[in-house]
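Try each task before you read its solution.

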Amino acid sequence: MSNNDYIFALDIGTRSVVGIIAQEKEEGLEILHTAMEEHRHRAMLDGQIHDVVQVSNVVRRIKQKLESRFNQPLKEVAVAAAGRALKIARGRVSRQSPSLQEYSSEDVFALELAAVQNAQKALKIDGGDAVKDYHCVGYSVVNYYLEGQTIGNLVGQRGLNAEIEVIGTFLPRVVVDSLFSVLQRVDLEMKSLTLEPIAAINVVIPPNMRQLNLALVDVGAGTSDIAMTSGGTVTAYAMVPIAGDEMTEQICQKYLLEFGEGERAKRALHAVLTGHDKTGNVSTINETIQICDVLGFEQELDVQDMLTSLGPTVEHLACQIADKIIDLNGKTPQAVILVGGGSLTPLLPAKLAEALGLPCERVGVRGRESLRDLSGNLEDMKGPEFVTPVGIAFTSVKHQTLGFYEVTVNEEPVRLFNMQLGTIGDALVAAGVSLRQIHGLPGLAMTVEVNGQVKILRGTLGEPAKITVNGNEGRLDSPVNPGDEIRFEGSKRGADGSGCIGDVVPELTALDVEINGQPVHMDPQITMNSKVAALDTPLQDGARIRFQPVDTIAHLLDAIGNLEALKEEHSVRYVLNGVEKMVPVSTPEVLLNDSHVKLTEPVKSGDRISVRSSRITGLVLKDIVDLPKWEGKPLQVLVNDKTWTFPGQSAAVYLNGQPATGNEMLNDGDNIVVKAGRSADLILSELLLHIGFDPAPPAGKTKLDIYVNGFLGDFATPIADQARVELSWR
């Protein structure tokens with residue numbers, strides 16, 4: 001028989017390990033061989049493996065027994081994880097884009113996976129690391145959001161802000177990894193993994209029974225797993241963290257017994273109750289059970305006394321299960337089905353029926369005997385403890401398990417659990433790689449102020465993450481196969497905006513001239529944050545930069561300041577609109593390349609300049625303030641083919657706080673303020689008033705049509721320079 005013709009299933013429970021070899025038949029499942037062995041020590045607690053070596057020894061003995069009976073080596077096995085291990089969490093992530101962009105499927109998938117990672121972080125409990133401590137076994141999108149509004153799909157949409165919310169399901173890695181460790185020690189490969197409540201419900205409550213509102217409770221030794229059905233589907237899973245071991249520990253505490261002896265006493269009590277009265281009436285039982293306490297003394301325990309001591313503990317278990325059922329279902333179900341070895345706890349069905357307010361006949365224990373479509377070697381499979389291993393085999397045969405395979409991410413092995421072939425994104429999530437850096441962020445911009453104007457030096461674009469599969473470029477949604485080698489290099493942020501002063505000021509060049517026969521070298525006049533700077537000075541974010549071109553003789557003489565000809569009293573200092581300046585006030589004779597010129601004459605490198613003192617005539621205000629350029633511009637309007645001109649507002653000049661005309665003499669230390677005039681501006685009603693338009697209609701006319709530049713206007717329409725206005729009565 002080939003490996004594909006049979007299934008080897010293991011139920012690694014808190015109290016015992018059950019193994020079965022089964023074969024799929026048309027009419028159901030044929031059981032070929034079975035084996036069961038209890039843990040010799042408490043190697044498992046609450047469904048979790050605590051001693052890998054001890055559990056491995058039990059599994060090895062089960063495997064050897066079955067191999068000897070089956071006469072074939074067993075290489076693959078189907079297993080189940082405790083239902084208590086399944087975790088569900090929501091995650092949400094948003095992405096801000098620096099510019100309006102279209103979201104691709106790759107962008108959306110990256111956001112979904114980042115939201116899954118946030119859901120993992122939401123599972124942090126007692127200081128654990130959720131990213132490392134949990135396997136994601138699936139997720140579904142709750143909502144997409146664009147600019148804060150819910151949207152059906154983000155692919156192809158454009159926006160600055162996108163958000164995604166998901167629900168993720170997770171298994172603790174310690175649960176899965178401990179199972180792997182046990183199986184690897186006994187040379188078994190995990191063929192499939194399911195959850196214990198899923199395995200049980202698949203055989204106890206088949207789909208044709210799920211229209212009923214039923215509760216399945218798998219009572220083990222450490223946990224009680226619960227599954228609810230209604231309306232044709234499984235509606236919820238949950239777990240209560242107490243089960244059969246609580247009863248055993250109560251007996252041990254009461255009668256001072258070692259745990260194994262307490263377990264034997266509990267089973268003996270169950271045997272007495274079962275053999276005496278199957279109706280649940282135990283008040284007439286008058287029997288004893290032989291035990292040996294930890295001191296070595298033989299005792300006879302009265303059955304009625306044992307039932308009395310167990311009563312509160314059984315009632316507590318029943319109430320815990322009932323409360324969880326009501327919480328999941330919102331009401332009392334129609335019936336409750338108990339499976340698992342812990343379901344044989346004395347008085348449990350009656351106590352649970354009482355806690356739920358159900359008739360006793362609506363709460364029942366179902367063993368392997370009640371399962372349909374089973375054949376083969378069934379004689380050794382009696383009791384409810386065989387339900388889960390049969391369910392594991394059935395679930396694996398029907399391919400309703402979590403398939404898994406292994407890949408490597410940056411040379412680290414990663415196991416993927418999925419119902420379908422996983423993607424690179426799944427592998428990165430499983431490896432704990434942060435997906436927030438899939439897209440490289442742009443560098444920060446630098447802002448500086450240059451002569452009062454703000455300039456922005458933008459950062460460079462970031463580099464996206466680099467992903468390869470087996471050396472070839474990959475995408476987040478690319479599928480991965482078993483054994484694939486994935487390399488992930490996180491994105492790189494772009495460089496922040498930077499530069500030097502030469503990048504933000506106009507082209508400024510040094511000036512080499514000859515003044516009065518002496519060579520003079522003059523660099524551009526630049527300051528940054530009030531300190532002298534050069535064109536190659538690196539910029540600082542938020543810096544204030546000032547520059548003054550040296551492009552006229554006046555600028556040159558102003559910049560030099562200590563020229564021999566200006567050491568005499570031929571200059572004055574003044575302040576113009578807050579800027580201190582100095583200018584010669586004698587009427588020096590200035591020659592540029594042997595030609596007489598004014599101080600405003602442009603200069604360039606190589607020029608020869610001569611400055612000779614002459615008689616002092618003083619400096620007039622209008623000589624240094626070019627008033628025409630400060631005047632407001634006039635407005636010209638064509639009204640019915642006639643041009644009208646409206647002057648702009650004149651500039652205002654103040655000398656030492658007093659209005660000035662421009663003809664005043666300038667003295668050392670004067671303060672000059674020039675306020676620019678305002679260009680003329682009109683609206684249509686003002687225009688009509690200025691041109692003396694008569695608003696009274698001519699005889700026989702009632703309506704005035706007004707058009708401005710060919711468009712219908714009204715009295716509030718702005719009139720721009722060179723506008724065409726047409727007025728006509730009709």
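**Exercise 1. Find which residues touch the most other members of the largest nonpolar core, and which element gives the most to this core.**

Step 1: in the largest nonpolar core, which has 39 residues, Ile321, Ile325, Val336 and Leu352 touch the most other members. A nonpolar core here is a set of buried Ala, Val, Leu, Ile, Met, Phe, Trp, Tyr and Cys residues joined through side-chain atoms within 4.5 Å. Buried means under 20% relative accessible area, exposed over 50%, and partly exposed in between (1.4 Å probe, protein chains only).

Step 2: look at who supplies the core. At least two residues each come from β12 (214-219), β13 (224-230), α6 (244-255), α7 (259-276), β15, α8 (303-329), β17 (335-339) and α9 (348-356). Helices (H or I, at least four residues) and strands (E, at least two) are DSSP runs, numbered from the N terminus. The top contributor is α8, with 10 residues.

Step 3: zoom in on Val336. Skipping its neighbours within four places in sequence, Val336 is in contact (heavy atoms within 4.5 Å) with Ala215, Val217, Ile325, Leu352, Leu356, Leu358, Arg362, Val363 and Gly364.

Step 4: A second, separate core has 37 residues, among them Ala89, Leu111, Ala119 and Leu428.

A note on the ground rules: this is a predicted model, with local features needing pLDDT of at least 70 and side-chain atom pairs counting only at pLDDT 80 or more, while totals for chains, interfaces and linings use all residues. Residues are numbered from 1 along each chain as its sequence is written, and side-chain values use heavy atoms, leaving out hydrogens and water.

**Exercise 2. Work out why helix α5 counts as largely enclosed.**

Step 1: list the buried residues of α5, which are Glu196, Pro197, Ala199, Ala200, Ile201, Asn202, Val203 and Val204.

**Exercise 3. Trace the partners of strand β45.**

Step 1: β45 (residues 704-708) is mostly covered, with 4 of its 5 residues buried.

Step 2: β45 pairs with β48 (residues 723-729) in the antiparallel sense over 5 bridges; Leu704 has Trp729 as its bridge partner in β48. Pairing requires that DSSP finds at least two bridges between two strands.

Step 3: β45 also runs antiparallel to β46 (residues 711-712), joined by 2 bridges, and Val708 is partnered there by Phe711. In this hairpin, 2 residues sit between the strands, and Asn709 takes a positive phi near 55°.

**Exercise 4. Give the strand order of the open sheet of 5 strands, and name its edge strands.**

Step 1: the order is β23-β22-β31-β29-β30, with mixed pairing.

Step 2: β23 (453-457) and β30 (531-532) each pair on one side only, making them the edge strands.

Step 3: for a parallel pair, take β22 (residues 446-450) and β31 (residues 544-548), with 2 bridges. Glu449 has Arg544 as its bridge partner in β31.

**Exercise 5. Is Leu295 buried or exposed?**

Step 1: Leu295 sits in the loop between β15 (288-292) and β16 (298-302).

Step 2: its relative accessibility is 60%, so Leu295 counts as exposed.
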